[in-house]
Number of protein chains: 2
Amino acid sequence: MDSAVARERALDAAERLFYGRGVRCVGMDDVRGASGVSLKRLYQLFPTKERLVEAYLERRDERWRGRLAEYVERHGEPERRILAVFDWLERWFGEPDFRGCAWINAYGELGATSPRVAAQVRAHKEALRKYLGTLVADAGLPAALTGRLLLLAEGAMVTAGVTRDTGPARDAREAARVLLRAAR
Amino acid sequence: MDSAVARERALDAAERLFYGRGVRCVGMDDVRGASGVSLKRLYQLFPTKERLVEAYLERRDERWRGRLAEYVERHGEPERRILAVFDWLERWFGEPDFRGCAWINAYGELGATSPRVAAQVRAHKEALRKYLGTLVADAGLPAALTGRLLLLAEGAMVTAGVTRDTGPARDAREAARVLLRAAR
DNA sequence: ACCGTAGGAGAACGCTCGTTCTCACGTCAA
DNA sequence: TTGACGTGAGAACGAGCGTTCTCCTACGGT
């Protein structure tokens, strides 16, 4: 098996297991079993479990933000694009394997012990904030709106993750709409 | 040492350690060392570590919501009381040992493996929602506001926890003020 | 055909940690 | 005084798991 293929399969399995069950209760042997990549290969590709976790978060970060941006860019009107963020969240929350925000979960699990994971979480959230900031700026709205929209998105992710309900996304969208109107 | 005293000391140490470092990376022996309560006593009071975790979350829930309500009740005017929730959050975020929301953290760490902890988190969040609901109702505001305010509070807790900054509380307060005004 | 190398399966090692056990000590009732 | 009992200190047990090692097989170059 090609090294690149093995890497992808390992990351696929790691993502499914880490996100679905939590990082600490998934062993390297579970990743091996789910990926079909032998332990020897796994440790060649990722020298420690922590590196595998970092690679999992990094790849998921790229994909997650890529999918969000791709969905948002389908909409032309600037304010509509801001609301599209919450539409996308609602779709995400409705996916059968949705289990909350991977980074918030990872922060709860590893933030206190792994500075690298904590830094990745901060970077991910900062990137999301920056992205929202560009949407707000493109709509000609005051920058102060950015942080408030971020709070709505974070709150929706947490609440949907705990309740397993898509409703928080609609609540957040409505709140965002009010904030947009008031800022206009 | 009295049994009740030992229980309180054990819970004090457990709360400090579990909240500060995470549940899984704190061993029962750490709790023993920090509390001065012997392992034998600990296991008499809490038959398993999971029970200790549950007791920690339960006691913290009572105290947390009690302190919030106590602060809010100092304010007479109904809409002012809603905003006081966010003032209280800001104070909390500024405490030196603040490390995010204990229940969100616990959910990220244990939600996937411990149904009882997951249920406690849901119950805590539901209680917070209910409390906000009473504040909204007392202010004669539409019930739909409740969920949106909850999202702001949750988002503020997550963001403040990750960034270790009190700013999200002010952002949330300002957003809440706009939502209140628009709903009036 | 032969050898060196890579890879897979899975055993093994070492550590952590939840939980229980041992043993010695102090206490209190009879 | 004595013996049953509760308690503390800490060893011990057993499971889980990150990581490494062993051994065997397959294959590619000469």
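Ala, Val, Leu, Ile, Met, Phe, Trp, Tyr, Cys and Pro count here as nonpolar, Asp, Glu, Lys and Arg as charged, and the others, Gly among them, as polar. On that basis, the surface near DNA strand D has six nonpolar, three polar and five charged residues. The model is predicted.

**DNA strand D**
- Around DNA strand D there are 14 residues.
- The closest are A:Gly27, A:Thr48 and A:Lys49 from chain A, with B:Ser38 and B:Arg41 from chain B.
- At least two residues each come from H2 (28-35) and H3 (39-45) of chain A, and from H3 (39-45) of chain B.

**DNA strand C**
- By class, the surface near DNA strand C holds six nonpolar, three polar and five charged residues.

**Annotated domain**
- An unreviewed UniProt entry places "domain: HTH tetR-type" at residues 4-64 of chain A.
- That stretch of chain A is 80% helix and 0% strand.
- Its end C-alpha atoms lie 21 Å apart.

**Helix H5 of chain A**
- H5 (residues 78-94) has 17 residues.
- From first C-alpha to last, H5 reaches 25 Å, close to the expected 24 Å.
- Its buried residues are A:Glu79, A:Arg81, A:Ile82, A:Leu83, A:Val85, A:Phe86, A:Leu89 and A:Phe93.
- Their cover includes H4 (49-73), H7 (115-138), H8 (144-163) and H9 (167-183) of chain A.

Note on methods:
Residues numbered from 1 in each chain as written. Chains lettered and ligands numbered in written order. Predicted model: local features only at pLDDT ≥ 70, side-chain atom pairs only at ≥ 80, totals over all residues. Near = placed C-beta within 6 Å. Helix = DSSP H or I, 4+ residues; strand = E, 2+ residues; numbered from the N terminus. Expected span 1.5 Å × (residues − 1). Buried ≥ 20, exposed ≤ 12 C-beta atoms within 10 Å, placed from the backbone. Contact = placed C-beta atoms within 7 Å. UniProt positions renumbered as here; feature names shortened; annotations may be inferred.
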